[in-house]
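These are my notebook entries on a structure that I had not examined before. I set down what I looked up, entry by entry.

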Amino acid sequence: MSARLVAAGTAAGQQPWSRPAPAQEQPWWRSAVVYQVYLRSFADGNGDGIGDLAGLRARLPYLSWLGVDALWINPHYPSGGADGGYDVVDYRAVDPEYGDVSDVEALVADARQLGLRVVLDVVPNHTSDRHPWFQAALADPDAPEASRYHFAPPSEEPPNNWRSLFGGPAWSRTPDGRWYLHLFAPEQPDLNWRDPVVAEDFERTLRFWLDRGVSGFRVDVAYGLYKDPELRDNPGSYSPTLFGHGPEQAMTWNQPEVHDVWRRWRSVCDEYPDTMLVGEVCLADLDEVALYSRPDELHQSLSFRLLKSRWETPAFAEAIGSALDAFGRVGAPVSWVLGNHDKDRMVSRFGGSETGLARARAAALLLLSLPGSAYVYAGDELGLPQAHVPDEAKQDPIFFRSGGERAGRDGCRVPMPWNATAGVGFSPAGAAKPWLPVPAEWRRHAVSRQTRDSGSVLHLYREALAVRAEHPALGTGEATVSTRGDVLTVRCTGQGRTVRCVVNMGTDTAWVRSRGEVLLESGPGVHTSAGSVALPPDTAVWIAED
Ligand code: NOJ
Ligand code: CA
């Protein structure tokens, strides 16, 4: 048992992680499979129709059975409820809808017993407008709290041309006529990181949760925090996408000072063995993204290229090759993402119905072969499609702020179907309606059904995770990517062994020459004949080379 594996703040006598990495191996996070739990939609323990910590705790055995290494939980803090918890009222507390701090401690302890690490979300770019600091600043323009935000004196026009990512101007008025900055919803005022109190308070927050045994943080809007000191106009026209900001928004994002924050946060984490920071860095230039993961900054930054790629070999090859190159240059692992709570579900992105599902299955093998860490969004292991959420049930500020022009993100946030009953087992029997309506046909995607079906997506994920754990070439090695027409090949090498992940993205069966052993296939119809593997359309295989 290695001392470095016991999280700081762990009560004496608690068992360490059950799947520790031997001391000579790489840190766990470099190749971890991290399961993203959208807390509100995962499992409802108390029957109010809202997912919570007790519900998640009860489902930990499922995650252990699946074989992931860690879970990242979307914000669990008391919140104004304007942006799915990303408008935080108190960073060192738990929203009563989800439980309390002792539930987080119990979750961490239970997870540890199962060999699972818990990563929290932290939101440093903005608070809720209900945060006591913002309330104090509203009440008194001269309060010290006012300098922790970006206020401007009353004037006819807003201070500059900045736009909110959710639509409309990035400035709103206070009741006394001042302007304040919010790069997201008006209920999410941006913090002024040039006030040292802000930095001090966040370091307290990090320690508060690290002392409770969490294994790190996913850092929201890590490319934000600092703004141009003179609040100059952005030079270019605003493009209303959630990801990939570039020089046209040079004054709002990616200011050089932010890197010092990550250096300080890294040194805080360094005091807590085996913890990590993974940043959300939505910049168009991948080399700029990678800079956030230099050795003394965030341990990793999420790579969203695959999430945005069309089902075509050039797009996927570019997404993989450019990320390997950019992160390789700073010595950081790539953190691959195929789905999250901000994007349409991949089954639907890849064409929907059977085709979309076949592609999503193939994409899962691709994701889990690549060197680095892999982020799996809850429900993707069930092959959930984007849900239709009627307008009257929608919650996402993107829908409202765009006047209904943008559908918003509710369709990828619908509660998990656990069983095939009418309520899909999300809540205990007799509970309130779920916070977002679950489509009736989702019963067929239920965990209970898929666990009984060896051909299900769920079993594919489970098998892939088990094979990945056995083969160092998968996840921990090095990789090269190549294409031949509609066939994409990622050649992964680790500890002297090679595994190829071959994906047929075309419409005809492809023949792949191989003398190796097929370890796993994403769908039916794969067969070997005379030293070649027949790969049906929208199918992937893992082949261990001799
Ligand atoms: C990124 C989060 O993933 C998204 O859900 C949120 O709306 C914005 N950051 C603002 O916090
Ligand atoms: Ca609940």
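**Entry 1: the area between two domains.** I looked up the area buried between domain 1 and domain 3 in this predicted model. The value is about 1800 Å², and carbon and sulfur atoms give 77% of that area. I then asked which residues of domain 1 lose the most area to domain 3. They are Trp311, Thr313 and Leu365, which together account for 31% of what the domain 1 side buries.

**Entry 2: the division of the chain.** I noted the bounds of the domains. Domain 1 is made of two stretches, 28-125 and 196-470. Domain 2 covers 132-181, and domain 3 covers 478-544. Into the contact of domain 1 with domain 3 go 24 residues from domain 1 and 22 residues from domain 3. I also recorded that the C-alpha centres of these two domains are 29 Å apart.

Entry 3: I searched the interface of domain 1 and domain 3 for charged pairs, and 1 salt bridge was found. I next looked up Arg359, which forms a salt bridge with Asp538. Their closest N and O atoms are 3.0 Å apart. For polar contacts, I found 5 residue pairs across the interface of domain 1 and domain 3, with both residues of each pair at pLDDT 80 or more.

**Entry 4: what domain 1 brings to the contact.** I asked which helices each supply at least two residues of the side of domain 1 that touches domain 3. They are helix H9 (313-330), helix H11 (353-369) and helix H14 (457-470). The largest share comes from H11, with 9 residues. By kind, the residues of this side are 15 nonpolar, 4 polar and 5 charged.

**Entry 5: one residue of H9.** I selected Leu324, which is found in helix H9. Leaving aside residues up to four places away in sequence, I found that Leu324 touches Val334, Trp336, Pro371 and Ala479. I also took the separation of Leu324 and Lys394: their C-alpha atoms are 37 Å apart, and the two residues stand 70 places apart along the chain.

**Entry 6: a hairpin.** I turned to strand E12 (residues 478-484) and strand E13 (residues 487-494). These strands run antiparallel and are joined by 7 bridges. Thr483 stands opposite Leu488 in E13. The hairpin has 2 residues between its strands, and Gly485 takes a positive phi near 60 degrees there.

Entry 7: Between E5 and strand E6 (residues 179-181) I counted 3 bridges in the antiparallel sense. Arg173 stands opposite Trp179 in E6.

**Entry 8: salt bridges in the whole structure.** Side chains of opposite charge can pair when their charged atoms come close. A search of the whole structure gave me 30 salt bridges. Among them I looked up Asp83 and Arg409, whose side chains meet at 2.9 Å, N to O. I then asked why this pair ties together parts that are 326 residues apart in sequence. Asp83 lies in the loop between strand E2 (70-73) and helix H4 (101-113), whereas Arg409 lies in the loop between helix H12 (397-401) and helix H13 (447-452), so the pair links those parts.

Key: Residues are numbered from 1 along each chain as its sequence is written. Chains are lettered from A and ligands numbered from 1 in the order in which they are written. Side-chain values use heavy atoms; hydrogens and water are left out. Domain bounds come from an automatic or database domain assignment. Contact means heavy atoms within 4.5 Å. Buried area is the accessible area (1.4 Å probe) that two parts lose on being put together, summed over both. A salt bridge is a side-chain nitrogen of Lys or Arg within 4 Å of a carboxyl oxygen of Asp or Glu. A polar contact is a pair of N or O atoms within 3.5 Å; within protein, one must be able to donate a hydrogen and the other to accept it, and residues adjacent in sequence count only if both atoms are side-chain atoms. Helices (H or I, at least four residues) and strands (E, at least two) are DSSP runs, numbered from the N terminus. Ala, Val, Leu, Ile, Met, Phe, Trp, Tyr, Cys and Pro count as nonpolar, Asp, Glu, Lys and Arg as charged, and the others, Gly among them, as polar. Two strands pair if DSSP finds at least two bridges between them.
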